[in-house]
Amino acid sequence: MALRTIRIQGDDLLGKRSREISEINERILTLLDDMAETMYKAEGVGLAAPQVGVLRRCVVIDVGEGLIKLINPVIVESSEETETRLEGCLSVPDYVGWVKRPCKIKVEALNEKGEKVTIEAEGLYKKALCHEIDHLDGVIFPDIAEKLMTQEEYEELLEKNSQNNQEEDDED
Ligand code: ZN
């Protein structure tokens, strides 16, 4: 396993569409291991292959319920009901933003063994899945956010709210 360099907003590669993975070989398995290591080191909850410079459709996610590695993930169902939540991104270190997403989604993908998996998700897990799958289509959250805040503005807001609220900062 090895750490990989995370691409930062402004890098052309983050705006490109990733290709489907047709064969799960050693190279892909190593990529997924490296992505997981890189995500944990950066204290993120998700990472998509283009974020480490590889335009292939795979993501890793860990929202506190264990590591998930997905190959060729596709959102096959989305609830009509939506919610707007705060998102951050390891590739966008300077901003957080409010992004509208479906409340619930259903995702189909392959696991590392090439088996088909179906995931129904809501909450943080859903948010991470939507966010990482967006990366595979060359979309980062500032492209679709309803409102952006600098990290500084966000920290001020958190400070203001800290007396009566407990908020969590999730970096995908
Ligand atoms: Zn991201």
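At 49% relative accessibility, Lys 104 sits in the partly exposed class, and its salt-bridge partner in this predicted model is Glu 122, with the closest N and O atoms 4.0 Å apart.

Another runs between Lys 69 and Glu 112, whose closest N and O atoms are 3.2 Å apart. Here the link goes from strand S3 (residues 68–78), where Lys 69 sits, to the loop between strands S6 (104–110) and S7 (116–122), where Glu 112 is found, 43 residues away. Lys 69 is buried at 14% relative accessible area, whereas Glu 112 is partly exposed at 33%.

Glu 87 and Arg 101 also meet through their side chains, at 2.9 Å from N to O. Glu 87 belongs to strand S4 and Arg 101 to strand S5 (residues 92–102), so this bridge ties together parts that are 14 residues apart in sequence. Both residues, Glu 87 and Arg 101, are buried.

The zinc ion has Cys 89 (SG), His 131 (NE2) and His 135 (NE2) as its protein donors, at 2.0 to 2.2 Å, and their spacing along the chain reads C-x41-H-x3-H. Cys 89 in strand S4 (residues 82–89) and His 135 in helix H2 (residues 123–136) are 46 residues apart, so the two link distant parts of the chain. Cys 89 is buried, with 1% relative accessible area, and His 135 is likewise buried at 1%.

Conventions
Residues numbered from 1 in each chain as written. Predicted model: local features only at pLDDT ≥ 70, side-chain atom pairs only at ≥ 80, totals over all residues. Heavy atoms only, no water. Donors = N, O, S within 2.8 Å, 3.2 Å for Na, K, Ca; no water. Helix = DSSP H or I, 4+ residues; strand = E, 2+ residues; numbered from the N terminus. Buried < 20%, exposed > 50% of the residue type's maximum accessible area, 1.4 Å probe, protein only.
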